[in-house]
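I opened this model to look up its charged and aromatic side-chain contacts. My notes follow the order in which I checked them.

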Amino acid sequence: MKINEKNLSAYSTSTSPVDKEGWLCKRGELNKGYQKRWFVLKGNLLFYFDRKSDKEPLGVIILEGCSIELAENDDQFSFKIIFHGPNNRSYILGADSQESMEQWMKSLACASYDYMKFMVADLQRQLKELEESPVRVSLQVPNNQTSQKKESGQSSPQPPPRGRNNPFNKPINNHQSPQRKDIVSFRKTFKELHNQLGRPILRDRNEWRFGLMKQELNTQEPLITL
C-alpha cells in the first residue's frame, strides 16, 4: 500500500469530521512502558499525536483487517488492536476509566470499511423484507369504549389506507374533463418518444448543417479563373 505522508498529515489536522478524539496511553513496541498520546479517529484512520496542539501526527493506524479485544493480564482499562496475519503488530492502548475504554472499543470496532459494508448489506436486507411483507395495522379498543360507541351510534376508528399510488397512473373516470383525459391517457415509452421527437430534430440539424456548407461553397473564390 502506498501512502502519501504529506496528504495524510494534512488530513489528520484538517476540518474534516472527527468521529472520536481524546487521550489514551499507548504501549511502545520496544519500550514496554506506556506513553500518553492524543488520539484522533477519522473514518478508518486512527492518528496519534504527542500533544493535542501538534500539526503533524506521530503515526497512524489503519483500522482494516483487525479486531478490538480486551488486553488480558495487563493494566486496568486497557485493550488491544490486533492485526491478523504473520508478522503483524498489535497495539495496546489504555484508557482512564471503564466507560472511556468501552466507548473507544466500540468506536474502533465500527470504523473499518468491512464493518460499514456489512451494515449496509444488513440494512438492504431489512428494507427488502419490509417491502415484501404486507403492512398490517390494527386498533384495539377497550370493551367499555366499544359499548359506549355502539350505544351512541359512533363507529370505531379505522386506520387510513397505507397504499400509495402515482396520481398520473390513475384510471380515467367520467368526471375528468376532455383536456385532462387526453393528458392522462398520453403514455409512450422512451423509445417511442425518441423516434417521434429525436428523428425530426436530427433531420432539421442535418439540413441546417448542409445549408451552411452550401453557403460557404458559394462564398468562396474559385481556385482558377479564366
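These entries cover salt bridges, then charges over rings, then ring pairs.

I am working from a predicted model, in which local features need pLDDT of at least 70, side-chain atom pairs count only at pLDDT 80 or more, and totals for chains, interfaces and linings use all residues. Residues are numbered from 1 along each chain as its sequence is written, and side-chain values use heavy atoms, with hydrogens and water left out.

Salt bridges. I counted five salt bridges (a side-chain nitrogen of Lys or Arg within 4 Å of a carboxyl oxygen of Asp or Glu). One of them joins Asp50 to Arg37 at 2.9 Å, N to O. Asp50 is in the loop between β3 (45–49) and β4 (59–62) and Arg37 is in strand β2 (residues 34–42), so this pair ties together parts 13 residues apart in sequence. Arg37 is buried at 14% relative accessible area (buried means under 20%, exposed over 50%, partly exposed in between, with a 1.4 Å probe and protein chains only). Asp50 is partly exposed at 31%.

I also found Arg125 bridged to Asp122 at 2.6 Å, N to O. Both lie in helix α3 (residues 113–132), three residues apart, about one turn of the helix. I noted that salt bridges with shared partners join Arg37, Asp50, Arg51 and Asp54 into one network.

Charges over rings. The charged end of Lys20 sits over the Trp104 ring, 5.2 Å from its centre (NZ of Lys or CZ of Arg within 6 Å of the ring centre and within 35 degrees of the ring normal).

Ring pairs. I counted four aromatic pairs (rings of Phe, Tyr and Trp, its six-membered ring, with centres within 6.5 Å; planes under 30 degrees apart are stacked, over 60 edge-to-face, the rest tilted). Phe39 and Tyr48 have ring centres 5.6 Å apart and planes at 35°, so I logged the pair as tilted.

Methods
Helices (H or I, at least four residues) and strands (E, at least two) are DSSP runs, numbered from the N terminus.
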